[in-house]
Amino acid sequence: MLLVIYNSWMAVISSKGVGFMMSLILFIALPPALSSTQNLIASKMDYDISVKLDRNAFLVDIVKEKIGRVLKLDSIKNGDAWKGYDMLIFNTWHWWLHKGNKQPWDYIEEGNNIQKDMDRLVAFRKGLTTWSKWVDSSVNPSITKVFFQGISPTHYNGQEWNEGKSATCKGQTQPIKGSTYPAGPPQAAAIVKEVLSKMSTPVRLLDVTTLSQLRKDGHPSVYGLDGKKGNDCSHWCLAGVPDTWNEILYAILVTDARNEAQEN
């Protein structure tokens with residue numbers, strides 16, 4: 001069984017849950033068969049495949065306490081629900097920058113230190129490090145394959161692609177030419193690679209960041225759920241960019257299966 005831990009829900013025409021779309025390819029690519037969905041669990045009976053989606057925006061725990069909702073950077077008790085799967089696909093970042101009403105926690109805790117806020121990149125690194133230690137101590141790589149979905153970029157600042165600060169994804173109809181993004185990768189992407197490099201358990205990085213950065217034309221913009229009241233340059237239209245992510249995962253799985261068959 002495959003468990004996808006993803007950081008958001010799926011919108012009507014855009015994907016907030018990048019992990020969600022990676023699982024979708026498994027069902028799109030297969031011939032029609034009996035499917036059932038309940039509590040974000042789906043199965044392909046003819047192929048003995050099951051996919052479970054677990055929405056967890058930060059991977060580490062958020063606990064309701066007397067002072068409010070506490071984001072615990074060094075606690076990952078919810079990881080007990082991730083044990084026993086054949087494959088795990090993790091993803092986090094989208095919600096780490098949210099503030100105000102969209103911020104789903106009131107305090108950040110690390111050890112005995114509780115504070116109202118901190119540098120979000122620092123918090124992200126600490127939380128991701130806690131996750132990496134959980135994987136190293138709780139996952140048997142001979143039984144479970146582990147993937148980490150890379151950082152999904154946004155397109156709110158046109159200076160990043162040399163088009164002026166006021167430019168966004170709104171009105172974009174063409175991707176950026178070439179194979180490099182003028183502004184380079186986001187800082188969070190470097191943190192992901194750094195944390196993964198220090199792990200003892202092999203984790204495959206689905207590095208979709210640069211190819212997605214080139215697609216400034218791939219967001220729902222004013223055609224998203226909020227319509228003209230908003231300009232969504234962080235989520236993706238479907239069909240669209242997430243289908244490429246799916247193809248990358250699919251190619252890795254097929255190649256691994258072929259290599260394993262040859263070894264046996």
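A crossing of two helices is called right-handed if the near helix is turned clockwise from the far one by less than a right angle. This tour of a predicted model begins with such a pair.

Select H2 (120-138) and H3 (187-197). The crossing of H2 and H3 is right-handed. Their axes lie 10 Å apart and meet at an angle of about 25°. Angles under 35 degrees count as roughly parallel, and H2 and H3 are therefore roughly parallel to each other. Next, display the side chains in the contact: H2 contributes residues including Leu121, Phe124, Leu128 and Trp131, while those from H3 include Ala188, Ile191, Val192 and Val195.

In soluble globular proteins, nonpolar side chains tend to be buried together. Select Phe90, Trp96, Phe124, Leu128, Trp131 and Phe148, the residues with the most contacts inside the largest nonpolar core, which has 35 residues. Strands S7 (87-90) and S10 (145-149) each give two or more residues to this core, as do helices H2 and H3. Then select Met87, Phe147, Leu249 and Leu253, which are among the 7 residues of a second, separate core.

Select the 4 strands in the order S5-S6-S8-S9, whose pairing is mixed. Strand S5 (61-65) and strand S9 (113-115) each have a single partner strand, so one side of each is left without a neighbour in the sheet. On average, neighbouring strands here are turned by 30° against each other, direction ignored. Finally, focus on S8 (residues 107-110) and S9, which pair in the antiparallel sense over 3 bridges. Here glutamate 110 stands opposite asparagine 113 in S9.

Terms used: Residues are numbered from 1 along each chain as its sequence is written. This is a predicted model: local features need pLDDT of at least 70, side-chain atom pairs count only at pLDDT 80 or more; totals for chains, interfaces and linings use all residues. Side-chain values use heavy atoms; hydrogens and water are left out. Two strands pair if DSSP finds at least two bridges between them. Axes are lines fitted to C-alpha atoms, for helices over the stretch in contact, and angles run from 0 to 180 degrees between N-to-C directions. A nonpolar core is a set of buried Ala, Val, Leu, Ile, Met, Phe, Trp, Tyr and Cys residues joined through side-chain atoms within 4.5 Å. Buried means under 20% relative accessible area, exposed over 50%, partly exposed in between (1.4 Å probe, protein chains only). Angles under 35 degrees count as roughly parallel, over 145 as roughly antiparallel, 65 to 115 as roughly perpendicular and the rest as oblique. Contact means heavy atoms within 4.5 Å.
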